[in-house]
Amino acid sequence: MRHTGSAGFDTYYRRAIQLADAMRLCQDDLPAYASAAALLAVHSAISYNDAVLIGLGSRRPRSENHRAAVSALKQACTREGVDHQGIPHFEKLLSAKTDISYGEKHVDDERIAKLCTYAERFQKWEERTLQQREGRLSS
Amino acid sequence: MTVKDDTGKLTTRQREGRAINAVAELLRRKLSVPNIYLEPPASLISADVLAVDRGGAGDLHAVEIKLERDLNPFEGQRRKPSSTKELNELHRVWYAKYSEKLNVIHRQVMSMPVHFRYLAISAESFDLAFGELGHLGLFPADGIGRLGVITIKEQGEESPTAEMAVVPERFRVDPAKLKAIETKLLAKSRPDIEVRI
């Protein structure tokens, strides 16, 4: 059954793409937009996670609990026979969410650049996973 | 030999090779985690750079780079003409050849079986080329899609840079030709540039 055509999937997938594209724009001038890039990295990954869960036939988690989001993704991947290669990147992004959103301490550009890399790697894994299941989404 | 001397003696092939890197970098920044293939097999697509958006799952973008000296009016003039008449004649002959060559290139890039098609030319020759391309048309007969134009700025010993001069629009693609690229290239070959998972 195809899940990627559903309204829910489209909403999360488009949101994820927009956030990831905005992150890349911020990366072009990282010293000026570092905090924005970090937030966009985390939130693009969260939206990609919601999209891929729907794509894999699961529901997106309703709670704000990050552990629940990761375990829902792991369960869906295991059930559907999808590799877990991208999940560690998602975990790293979620573990940084509190620091970069609400933390009092300065987050340096080097760490933010790493978060953007994790976001790109998670995105690549997610796109590959969806393509392997559903074919090319844009043609 | 100094670096400056060295870059001054580059062949067209070498200049286009350097431009390939500049174009790949432009596409890497513009697209979303693209898979980029440098000089893909000509039997599948006649292009210098092929980029597939969204980690290989999205639209295909192909760029043909043309930096031949005879496409640039500021290069290749061997001697000063002795009269205005001779100058006009030289210009007429040169322009006819130029126009013919650009026509061939235009046909080639407009027929690339990808969603986004680009021609990359030297920044110096942009004004003239854009005028000529305007006659040939940036749009296909059905109006679906617009040819993108990228300018390459060569800066001696500095790395060349690529800029989007004309933003492309999405073309309609023959599914059979697209399938051939997908099955014979994308599914089999590892990209030259990609985001590692």
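In chain A, α2(A) passes α3(A) in a left-handed crossing (the near helix is turned anticlockwise from the far one by less than a right angle, whereas clockwise would be right-handed). The model is a predicted one, in which local features need pLDDT of at least 70 and side-chain atom pairs count only at pLDDT 80 or more, while totals for chains, interfaces and linings use all residues. Residues are numbered from 1 along each chain as its sequence is written, chains are lettered from A and ligands numbered from 1 in the order in which they are written, and side-chain values use heavy atoms, with hydrogens and water left out.

The two helices, α2 (residues 30–55) and α3 (residues 66–80) of chain A, pack at an angle of about 35° with their axes 10 Å apart; helices (H or I, at least four residues) and strands (E, at least two) are DSSP runs numbered from the N terminus, and axes are lines fitted to C-alpha atoms, for helices over the stretch in contact, with angles from 0 to 180 degrees between N-to-C directions. On the α2(A) side, Asn49(A), Val52(A) and Leu53(A) meet Ala69(A), Ala72(A), Leu73(A) and Ala76(A) of α3(A), contact being heavy atoms within 4.5 Å. The residues of this contact divide into six nonpolar, one polar and no charged (Ala, Val, Leu, Ile, Met, Phe, Trp, Tyr, Cys and Pro are nonpolar, Asp, Glu, Lys and Arg charged, and the others, Gly among them, polar).

The contact of α4(A) with α5(A) divides into ten nonpolar, one polar and four charged residues.

Over all chains, the structure holds six aromatic pairs, in which rings of Phe, Tyr and Trp (its six-membered ring) have centres within 6.5 Å and count as stacked under 30 degrees between planes, edge-to-face over 60 and tilted for the rest. One of them, Phe90(A) with Phe122(A), is stacked, at 4.9 Å centre to centre and 10° between the planes. Because Phe90(A) lies in α4 (residues 87–102) and Phe122(A) in α5 (residues 109–134) of chain A, the pair ties together parts that are 32 residues apart in sequence. Both Phe90(A) and Phe122(A) are buried (under 20% relative accessible area, with exposed over 50% and partly exposed in between, for a 1.4 Å probe and protein chains only). Elsewhere in chain A, ring pairs link Phe9(A), Tyr13(A) and Tyr48(A) into a cluster.

Helix α5 of chain A also carries Glu134(A), which is buried with a relative accessible area of 12%; Glu134(A) and Gly55(A) are 79 residues apart in sequence, yet 8.7 Å apart in space, C-alpha to C-alpha. Glu120(A), found in helix α5 of chain A as well, counts as buried at 14% relative accessibility. Leaving aside its neighbours within four places in sequence, Glu120(A) is in contact with Met23(A), Arg24(A) and Gln27(A), and also with Val33(B) and Val195(B).

Most residues other than glycine have a negative phi. For Val33(B), however, phi is near 35°, a positive value, and for Arg54(B), phi is near 50°, a positive value in a residue other than glycine. Arg54(B) belongs to the loop between β2 (49–52) and β3 (60–66) of chain B.
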